[in-house]
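Colleague: I'd like to learn how to read packing in a model. Can we go through it together?

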Amino acid sequence: MLRTQPGRRREGVLSVSAEAEMAEEAILGFLQTREEIADSGEFAAAHGLDHSEVVNVIKSLHGFRYVDAQDIKRETWVLTEEGKKYADVGSPEVQLFLAVPPEGISREELQKRLDPSVFKIGSAQAGKNKWVEMGKHISRKVQHVDDKVKDMLTRIKDGQGIDADSIKALKARKLITPQTWKGYSVKRGPNYAPKRKKAATDLTRENLQRGDWRDLEFKEYNFSAKGPPSEGGHVHPLLKVRQQLKNIFLYMGFEEMPTNNYVESSFWNFDALFQPQQHPARDSHDTFFLKAPSTTRELPEDYVERVKRVHELGGYQSRGYGYEWKRDEANKNLLRTHTTAVSTRMLYLLAQKKPFEPKKYFSIDRVFRNEAVDRTHLAEFHQIEGLICDRGLTLGDLIGVLHDFFSRIGMSKLRFKPAYNPYTEPSMEIFSYHEGLGKWVEIGNSGMFRPEMLLPMGLPEDVRVIAWGLSLERPTMILYGIDNIRDLFGHKVDLGLIKKNPICRLGNN
Ligand code: PHE
């Protein structure tokens, strides 16, 4: 198929592809009996074809080696805008001459009859040609004039040659300007044929049945063709990074926890984690509580009883908090503030299994906090959480696992700082050295779950749980060079970013 150029489609003329077909027939037919097309421009003019169409066909035939084409360049002249105008309506000097009646005319009157630029240029030229007597009164000096300028301009417009003196004169008046004309000389090529064979693109069942595959010429594969851009779904950067982190956890032998419940009861989100009911995080200023359904329907009653007791009185060598624990407070539904609520449910389930089985769990999902929104905070984000539950684990194990995990995402320089969480003891904030920023930045939180949390669940006494959590947004923003969280998540996100962001490869897992 020849390419069509929509821009060149002209009304009332042959359609572009028909014109191209005619040009192709003329070129291949001409070369059947003659050695060469010496000049594509002359060839086009002689055959009444449009030169740019002839050029397109030559390029295509050359590409398939039906012909060999050589470039020809020529300096030619084309009309300037002013030149085009005079070619249409006549030169200003002739316009002026014709405006002067045989009996003459006053300068004022003549000026009124003509366009100012026509009067100015026309009077200068007509005076120089001695066609008119210029003064207060203007009169003809000759009876008749020829518009040589218009004739010359018309010849140039039609691609005909003119003498060197006229060129000089028109150029001096800026009525013509040089232009490089490009065309070709054309000879038969190695694949020359009087008619183009249409190359087959596919080998079909019919070709095989008819046996005509033997004579077919196949179009070559274009291995560098890009193919149409896919308009299907596009994966958000957060989900790309999440998938990479998921792979890292899976390589390390962790199982994914089910996080498909944004709504949690205060019991699983706070109480089971030994977080006291008057803790400020449990205030509506920090946590989103649900209006409907405002409370949970079901909790494991005997476990609730043990949690109540540890809050009020302690036990397991703990003194507890010594306050009156209220069931109503534990029943309140909320949007989970951390995925540690899910970890807690999973540990409780694990504790019910006898004999005890060690586990490595992870999750990556959304959590919600009633926070003031700014360039680094939204009221929701994604938490990455990992935990290991086994007999006799120590803080050394936690530090070792953190080094292993974070080095897999390209953060091998770590430091730890003592911290406080109601549910872990000891607790450590995790810092990583950021090469780009040249400083230590906080990247996560970690610790060993307290006995007050684990023993009421029913886990054996020597079982320890080491755990850590971090946000998914922080590493994603660093990896994708985004400095405002609202450009990453929410209604202000540019869809183009989602469509064009690169794939994510973390470390060398
Ligand atoms: N839940 C903690 C947070 O929201 C993260 C964490 C998980 C801390 C596990 C310690 C252990 O920041």
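Colleague: Which residues does leucine 402 touch, not counting residues up to four places away in sequence?

Modeller: First, the ground rules: this is a predicted model, where local features need pLDDT of at least 70, side-chain atom pairs count only at pLDDT 80 or more, and totals for chains, interfaces and linings use all residues. Residues are numbered from 1 along each chain as its sequence is written, and side-chain values use heavy atoms, with hydrogens and water left out. Contact means heavy atoms within 4.5 Å. On that basis, leucine 402 touches Leu414, Phe416, Met428, Ile430, Ser446 and Trp468, leaving out residues up to four places away in sequence.

Colleague: Which residues touch the most other members of the largest nonpolar core?

Modeller: A nonpolar core is a set of buried Ala, Val, Leu, Ile, Met, Phe, Trp, Tyr and Cys residues joined through side-chain atoms within 4.5 Å; buried means under 20% relative accessible area, exposed over 50%, partly exposed in between (1.4 Å probe, protein chains only). Here the largest one has 38 residues, and Leu245, Ile384, Leu402, Phe405, Phe406, Ile409 and Trp468 touch the most other members. A second, separate core of 31 residues includes Met257 and Phe449.

Colleague: Is histidine 236 buried or exposed?

Modeller: Buried, as histidine 236 has a relative accessible area of 17%. Its side chain reaches the backbone oxygen of leucine 488 at 2.7 Å, and histidine 236 touches Leu488 and Ile498, again skipping residues up to four places away in sequence.

Colleague: Which residues of H7 are buried?

Modeller: Helices (H or I, at least four residues) and strands (E, at least two) are DSSP runs, numbered from the N terminus. In H7, the buried ones are Val118, Phe119, Gly122, Ser123, Gln125 and Ala126. They pack against helix H5 (92-99), helix H6 (107-113) and strand S4 (132-133).

Terms used. Polar contact = N/O pair within 3.5 Å; in protein donor to acceptor, adjacent residues only side chain to side chain.
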